[in-house]
Amino acid sequence: MRKDTPERFEWRIRNLKYPKDVYNISIDHNTQEIVIRTSNKKYFKRFDIPDMKRLGLKLEESSVAWKY
């Protein structure tokens, strides 16, 4: 579920079954999407930010934060 604030774009994912250390958050620079995957290959999800694409802004690894 996407829930934006004035300072940032936010997604909330519910019912994550695995512990925090199993998840890997990265950026696919070719498609400019945020990628969430597990090390056991049971979960994979891509998120794009159309607002940033529309403005021509690039995603940066240092700007991505996540909380479990």
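## Cavity

A cavity is a set of grid points where a 1.4 Å probe fits but cannot get out. In this predicted model, the count comes to one cavity of 30 Å³ or more. The volume of the largest cavity is about 30 Å³.

Six named residues make up its lining: Gln32, Ile49, Met52, Lys53, Leu57 and Leu59. Sorted by class, the lining of the largest cavity has four nonpolar residues, one polar residue and one charged residue.

## The sheet

The model has an open sheet formed by three strands, in the order S1-S2-S3, with antiparallel pairing. S1 and strand S3 (44–48) are the edge strands, and each of them pairs on one side only. From one strand to the next, the twist averages 20 degrees. Strands of a sheet pair through backbone hydrogen bonds, and the pairing may be parallel or antiparallel.

S1 and S2 run antiparallel and are joined by six bridges. Strand S2 covers residues 33–38, and its antiparallel pairing with S3 extends over five bridges. Five of the six residues of S2 are buried, and the strand is mostly covered.

## The two hairpins

S1 and S2 form a hairpin, with four residues between the strands. Gln32, in the turn of this hairpin, has a positive phi of about 55 degrees. Gln32 is also one of the residues that line the largest cavity.

A hairpin is also formed by S2 and S3, with five residues between them. In this turn, Lys41 has a positive phi of about 60 degrees.

## Partners across the strands

Val35 can be followed across the sheet. Ser26 stands opposite Val35 in S2, and Val35 stands opposite Arg46 in S3. Another pair links Arg37 with Phe44, its bridge partner in S3.

## Ser26 in S1

Ser26 belongs to strand S1, which spans residues 23–28. Is Ser26 buried or exposed? Ser26 has a relative accessible area of 19%, so it counts as buried, the limit being under 20%.

Leaving out residues up to four places away in sequence, Ser26 touches Glu33, Ile34, Val35, Arg37 and Glu61. Among these, Val35 is the residue that Ser26 stands opposite in S2.

## Phe47 in S3

Phe47 is found in strand S3. Because its relative accessible area is 12%, Phe47 is buried.

Which residues is Phe47 in contact with, leaving aside neighbours within four places in sequence? They are Trp11, Ile13, Glu33, Ile34 and Ile36. Trp11 and Phe47 are 36 residues apart in sequence, and their C-alpha atoms are 8.8 Å apart in space. Glu33 and Ile34 are in contact with Phe47, and Ser26 touches Glu33 and Ile34 as well.

## The largest pocket

The largest pocket holds about 940 Å³ of space. It is lined by 24 residues, of which Phe9, Glu10, Trp11, Ala65 and Trp66 are the closest to its centre. Trp11 is also one of the residues in contact with Phe47.

S1 and S2 contribute to the lining of the largest pocket, with at least two residues from each. By class, this lining has 17 nonpolar residues, one polar residue and six charged residues.

Note on methods
Residues numbered from 1 in each chain as written. Predicted model: local features only at pLDDT ≥ 70, side-chain atom pairs only at ≥ 80, totals over all residues. Heavy atoms only, no water. Buried < 20%, exposed > 50% of the residue type's maximum accessible area, 1.4 Å probe, protein only. Contact = heavy atoms within 4.5 Å. 1 Å grid on protein atoms, 1.4 Å probe; cavity = no way out; pocket = protein on both sides within 12 Å on 5 of 7 lines; lining within 4 Å. Points joined across faces, edges and corners; volume = space filled by probe spheres on them. Nonpolar A, V, L, I, M, F, W, Y, C, P; charged D, E, K, R; others polar. Pairing = 2+ DSSP bridges. Axes fitted to C-alpha atoms, helices over the stretch in contact; angles between N-to-C directions.
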